[in-house]
Amino acid sequence: METVSTAVRRVTVYRNGALVVRAGTATGSRVSVGGLPLLFSSDSLRVRAEQGTVLDLEETCVLEGGGAAESPLTSEILHCSLTDESILQQDASLQTLIRGLESLRPAEAKDLPSGPLPDAASWVSLHRSATERIRELEKMRNALGVRRAENLARLKMLQARGGKDGTPPRFYRGLTFTLAGVTGPCHFELEYFVEAARWVPTYSVHLGNGEAELTLRALVAQASGEDWHDVTLHLATTDLTRETTLPEVSSWRMGRAQAAPRPAFRALPADLPMLFSGYDAAARKAPEVAPSSPPARVMAPRKDKDRARTEELRRVPAPEAPEEGGAAAADEYEMSLSEQITKEVDQPPVEVMASRTGMARALADTLPPPAAPLAKPARMAVGGAPGGGGRPAAPPAPRPPVELPPRLRYAYLRLVGPEEPGRGTLRPVDVFTQLWSLVEGHALADAAVLRRALDALRAAAERLHATPLPSGTTPLTGCHFHHVYAASGRHHVPSDGVFHGVTVLKDRAPAEVDYRAVPRASQEVYRFCQIRTPTGTPYAAGPLQVYVDGQYRVTAQLQATGGAGPLELNLGVDPDVRITGRTVHVHQEEKGVVSQVSRVDHKVRVQLLSTQEKPVRVVLLDRLPQPADNEKDIQVSLISSTPEAARVDRSVDDRPLRGGLRWSLTLEPNKPAAVDYHYQVTLPAKAELDGGNRRE
């Protein structure tokens, strides 16, 4: 087998992570590759060869180094975490037993076989003992709740003191595969996805000599466990794992009801049990009891505790219930089971989890399914008298519905073994279980080492996503378009979780700078710049630093643009161009004898001044007052305007606008200028204006 070294060549950073491409060259047919990050997504792995076919792909996980002894504080934090998981497992076990006791109920008369009716006294006695036992189990659950609260408080205190694992173990993932049909050296690429990466855009624009140079820089951070050195970098505004399922539009019809559409699901074959017919027919000796081995921390994740507990309980066959003694025997039998679970609950947490598969198997070895032993004494639709008779086989318990993961990840599916319930079907597993299956057989006996490495990488990823974005930047979640930017050159991004600046692209285009103001609302004059980039590149929202003739002026905000039209930048208020005054004269007169009409004249004067060295173009925006739609007797008309006003029906943000006015004039340096306009409002004499700017 040939060991081939690979290096990261291309990286595309998305909203939710990064797609990494490694490259290498093999000369043999059987290839081994190492150095891959521990937490890359296995279901995203792709191997592409320039010739031949890739066969027999297998993953490995090997301890690389590190892993010095944990500090006392880190060990104590880990112990508290394990204690919390142990308490949760114990609480789940108690809940399982409580649900089994609460499920006791008399069978329906139609379900009872022919024979004598159940003994009411036996049922009452069993119900009384079950109720008392439920109270005891609830008290035990309350005690566990108190223990968990105390343990969580201590865990929080230890974490506040700082329990970061300074020297965690380092693992690397590897691959082995075969290149079939290859002659000579073969170049291949590995592609995989890592979640611990993010980026945000930031901009700068340099204005001068009628041109603008817009620079897009990306702030990139990653904590995947591998450094990206000398790589080609791409930045994407989209989510790599977004939903792409097309919606099904239902039709509305008049008449008979339509049958519900059949789901796109293919049931398991009816002859699935025949798959294991040879295995079932083979003679097998009884399994030998092996001593429990580490790891003490191999257990189901918290979110799967109830499901793991249920599956483990199903694997254990139901023990035989007592045949004689009626309700008293059932009561004694159930109490013996409760004593066994009490002994397990009272043990220290780490000792309870010291079995091969954790707390779930430790409890499963002592507990049957909750309702099975109580079925016969209570005569739950299985027949037989309380004091004797044959023991009919209990019907199998209904299987709960399978909880599908949010996303079907094929690389994290495992085939259920022949001696387990649901054999022949695929079940999802967590990341730790999948990695431990790769580590087993590679001279690593303690799963705690792998757990420390995973915890350190996960903590780094959580810090990366929890760290606030750099000041002024905008997350990409609000971006309404999908685009991939190719950063020029080659770049280096270390795996330290810190944002690093990367120059992505530069656009140089003619710039049209103008000044805009709305005197009715404010006397501030804003500077705008329109850039018509030749490429029409779309830009995501982000902070924009403005430089004029090489000098920094202001930091503005670039709004997201799709790239179809010119790029318009709001450069903020310019103190060198200002409105020095706005004066309004109002005059009202009445005309007519029978039907009086009031006319209100408004004469407005706006004065401007520029102290810049060059002439500037200023655009003034205003709007005539508009009557309500149900007012037919009110008219508003523009009488005169100097300079002439242009009528507009769209606002600056392209929304419909009624009665809009626009003036465009050029201001010479240090020379005052003015805009005068006169408009008239005609209305019935007995009416009065309501709303609007009452100061005019």
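Begin by colouring the protein by pLDDT, whose mean is 76, with 74% of the residues reaching 70 or more. Then select residues 289-399, where the pLDDT is below 50, although this stretch has 179 contacts in the model beyond near neighbours in sequence. Select residues 401-405 as well, over which pLDDT also stays under 50 and for which the model has two contacts beyond four places in sequence. Where pLDDT is low, the predicted coordinates should not be read in detail.

Next, select helix H9, residues 431-439, together with helix H10, residues 447-466; the two pack with their axes 11 Å apart and at an angle of about 135 degrees. Because of that angle, H9 is oblique to H10, and the crossing in which H9 passes H10 is right-handed. To view the contact itself, show the side chains of Val 431, Phe 432, Leu 435, Trp 436 and Val 439 on H9, and on H10 those of Ala 447, Leu 450, Arg 451, Leu 454 and Arg 458. Of the residues in this contact between H9 and H10, eight are nonpolar, two are charged and none is polar.

Finally, move to strand S18, residues 542-548, and strand S19, residues 551-558, which pair in the antiparallel sense over seven bridges. Which residue of S19 is the bridge partner of Val 546? Select Val 554, which is that partner. Between the strands of this hairpin lie two residues, and Asp 549 in the hairpin takes a positive phi near 55 degrees.

Note on methods:
Residues are numbered from 1 along each chain as its sequence is written. This is a predicted model: local features need pLDDT of at least 70, side-chain atom pairs count only at pLDDT 80 or more; totals for chains, interfaces and linings use all residues. Side-chain values use heavy atoms; hydrogens and water are left out. Two strands pair if DSSP finds at least two bridges between them. Helices (H or I, at least four residues) and strands (E, at least two) are DSSP runs, numbered from the N terminus. Axes are lines fitted to C-alpha atoms, for helices over the stretch in contact, and angles run from 0 to 180 degrees between N-to-C directions. Angles under 35 degrees count as roughly parallel, over 145 as roughly antiparallel, 65 to 115 as roughly perpendicular and the rest as oblique. A crossing is left-handed if the near helix is turned anticlockwise from the far one by less than a right angle, and right-handed if clockwise. Contact means heavy atoms within 4.5 Å. Ala, Val, Leu, Ile, Met, Phe, Trp, Tyr, Cys and Pro count as nonpolar, Asp, Glu, Lys and Arg as charged, and the others, Gly among them, as polar. pLDDT is the predictor's confidence in each residue, from 0 to 100.
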